[in-house]
Amino acid sequence: MLFRSLNDFSITNDGNATTTYLQIIRLLQERGLIDAIGVQGHAFSTTGPMSTHTANIARLAQTGLPIYVTELDIDGNDDPVQVASYQRIFPAFWENPSIKGITMWGYTRNGHWRRASGAWLMYENGAERPALQWLVRYVENELAVVTAGQTFGISESAANGTAAGTVVAIDADADTTFSAWLYGDRKSVV
């Protein structure tokens with residue numbers, strides 16, 4: 001089976017680029033020439049707030065085509081900076097139901113095209129940099145399942161920070177801590 005996709009960089013971080021990309025995708029769809037959408041995840045394409053990426057991915061998802069993040073590489077000559085960047089960027093893609101896959105790009109030190117930026121994840125000897133260690137733990141994590149049908153009530157006069165109830169959830173991962181909090185002055189549980 002032939003798999004036809006469009007793949008480009010700096011799409012989800014720019015609403016105008018997303019608009020242009022959508023125009024091309026729709027033309028290809030009209031002609032039956034596209035099966036999937038690729039959005040490259042280079043460090044220079046994953047700048048700005050992740051809410052911008054999420055909003056633009058939602059726009060792309062309206063096409064009905066599966067979306068793949070290709071060529072994900074995140075800079076980091078300083079290990080703590082790279083880990084923080086992965087923690088900010090990766091979940092926005094991984095947890096998005098419209099994203100069907102993520103391809104890591106050039107993860108070994110001497111196999112990466114952006115060596116000077118420190119975007120690699122593994123040393124030549126196979127040792128993992130801290131960002132890769134975090135990434136492996138994150139991907140292996142089994143998400144908690146919140147028990148359906150739970151409701152909570154809280155008085156209009158309750159002070160901010162007042163507990164509204166206890167959320168019941170199941171998580172297969174050890175050492176799991178659940179948290180719930182009040183959202184602003186609306187006193188609704190998130």
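In this predicted model, the contact between helix 1 and helix 2 (contact meaning heavy atoms within 4.5 Å) brings Gly15, Thr18, Thr19, Tyr21, Leu22 and Ile25 of helix 1 against Asn56, Arg59 and Leu60 of helix 2. The residues of this contact divide into 4 nonpolar, 4 polar and 1 charged, where Ala, Val, Leu, Ile, Met, Phe, Trp, Tyr, Cys and Pro count as nonpolar, Asp, Glu, Lys and Arg as charged, and the others, Gly among them, as polar. Helices (H or I, at least four residues) and strands (E, at least two) are DSSP runs, numbered from the N terminus. The axes of helix 1 (residues 15–30) and helix 2 (residues 50–61), which are lines fitted to C-alpha atoms over the stretch in contact, with angles running from 0 to 180 degrees between N-to-C directions, come within 10 Å and cross at roughly 10 degrees. The two helices are therefore roughly parallel to each other, a term applied to angles under 35 degrees.

Residues are numbered from 1 along each chain as its sequence is written. Local features need pLDDT of at least 70, side-chain atom pairs count only at pLDDT 80 or more, totals for chains, interfaces and linings use all residues, and side-chain values use heavy atoms, with hydrogens and water left out.

Note on methods
Parallel < 35°, antiparallel > 145°, perpendicular 65-115°, else oblique.
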